[in-house]
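Thanks for coming. Please have the sequence and the model open.

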Amino acid sequence: MITGILLGSTLVIVEKKSKSFFRNNVTPTSDIIFHLGTYFTGLIVLVVQLIIFLLISTFLFKVNIWQSLSMNVIIIIGILSLFILLGMLIGVIFRSEETTTLAAITLASIMLFFSSTVLPLE
């Protein structure tokens, strides 16, 4: 969750602060193409991270995760997409990298606090 939010917001801010930002804005390329590029970059990074975590858990804990993973791929991609797009929205709203990072960490902390991980529903 926090990686998706931070990665999405950081990628958007890095693109906005790059020297080629003006050149990209004057080209006839739509903004949607740049946002899709940011989304797919974040998605690829998080899928690779997820595969590494699953490989480590398979070898260290001797748990066969791969047989039930095929049923949950759509849910996992949906959850990854939600947090990447949320991070991209934060990156679009704010201007500086420090403010974006602070907003992303604050949002992730609030979401973690109100989940049942820290504050149980019972």
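**Starting from Thr100**

Leaving out residues up to four places away in sequence, Thr100 touches Ser9, Ile13, Ile90, Gly91 and Phe94. A caution before I go on: this is a predicted model. Thr100 sits in helix H5, which covers residues 97–114. Is Thr100 buried or exposed? Its relative accessible area is 2%, and the cut-off for buried is under 20%, so Thr100 is buried.

Glu97 belongs to helix H5 as well. With a relative accessible area of 41%, Glu97 is partly exposed. Which residues does Glu97 touch, once those up to four places away in sequence are set aside? They are Thr10 and Ile13. Ile13 was also on the list for Thr100. Thr10 is 87 residues from Glu97 in sequence, yet their C-alpha atoms are 7.1 Å apart in space.

Now the overall picture. The protein chain has 5 helices and 0 strands, and along the sequence its pattern reads α-α-α-α-α. The C-alpha trace spans about 55 × 30 × 20 Å along its principal axes. Of the 122 residues in the chain, 24% are buried. As for contacts with a separation of 6 or more, 76% of them join residues 24 or more positions apart. The pair of Glu97 and Thr10 is one example of a contact across 87 residues of sequence.

Next, the packing of two helices. Helix H1, residues 2–17, packs against helix H3, residues 31–61, at an angle of about 145°, and the axes are 10 Å apart. The crossing of H1 past H3 is right-handed. Which residues meet there? On the H1 side they are Thr3, Gly4, Leu7, Gly8, Leu11 and Val12, and on the H3 side Thr38, Thr41, Gly42, Val45, Leu46 and Gln49. Sorted by class, this contact has 5 nonpolar and 7 polar residues, with no charged ones.

Let me take one residue from each side. From helix H3 I pick Thr38. Thr38 has a relative accessibility of 13% and counts as buried. Beyond its neighbours within four places in sequence, Thr38 is in contact with Gly8, Leu11, Val12 and Met88. Gly8, Leu11 and Val12 are among the H1 residues I listed for the packing.

From helix H1 I pick Gly4. Gly4 counts as buried, at 3% relative accessibility. Residues up to four places away aside, Gly4 touches Leu46, Phe83 and Ile84. Leu46 is on the H3 side of the packing. By contrast, Pro28 lies 24 residues from Gly4 along the chain, and the two C-alpha atoms are separated by 29 Å.

Ile2 is in helix H1 too. At a relative accessible area of 39%, Ile2 is partly exposed. How far apart in space are the C-alpha atoms of Ile2 and Ile84? The distance is 9.4 Å, for a sequence separation of 82 residues.

In soluble globular proteins, nonpolar side chains tend to be buried together. Here the largest nonpolar core has 7 residues: Val12, Tyr39, Leu43, Leu46, Leu80, Ile84 and Met88. Tyr39, one of its members, is in contact with Ser81, Ile84, Leu85 and Met88, leaving aside neighbours within four places in sequence. Ile84 and Met88 are core members too. There is also a second, separate core of 6 residues, and among them are Ile5, Phe83, Ala103 and Ala108. Recall that Gly4 touches both Phe83 and Ile84; Phe83 belongs to the second core, and Ile84 to the largest one.

Last, the aromatic rings. The structure holds 2 aromatic pairs. Why is the pair of Phe113 and Phe114 edge-to-face? Their ring planes stand at 75°, with the centres 5.2 Å apart, and planes over 60 degrees apart count as edge-to-face. Phe113 is partly exposed, at a relative accessible area of 40%, whereas Phe114, at 58% relative accessibility, counts as exposed.

That is where I will stop. Comments are welcome.

Methods: Residues are numbered from 1 along each chain as its sequence is written. This is a predicted model: local features need pLDDT of at least 70, side-chain atom pairs count only at pLDDT 80 or more; totals for chains, interfaces and linings use all residues. Side-chain values use heavy atoms; hydrogens and water are left out. Axes are lines fitted to C-alpha atoms, for helices over the stretch in contact, and angles run from 0 to 180 degrees between N-to-C directions. Helices (H or I, at least four residues) and strands (E, at least two) are DSSP runs, numbered from the N terminus. A crossing is left-handed if the near helix is turned anticlockwise from the far one by less than a right angle, and right-handed if clockwise. Contact means heavy atoms within 4.5 Å. Ala, Val, Leu, Ile, Met, Phe, Trp, Tyr, Cys and Pro count as nonpolar, Asp, Glu, Lys and Arg as charged, and the others, Gly among them, as polar. A nonpolar core is a set of buried Ala, Val, Leu, Ile, Met, Phe, Trp, Tyr and Cys residues joined through side-chain atoms within 4.5 Å. Buried means under 20% relative accessible area, exposed over 50%, partly exposed in between (1.4 Å probe, protein chains only). Rings of Phe, Tyr and Trp (its six-membered ring) pair if their centres lie within 6.5 Å; planes under 30 degrees apart count as stacked, over 60 as edge-to-face and the rest as tilted.
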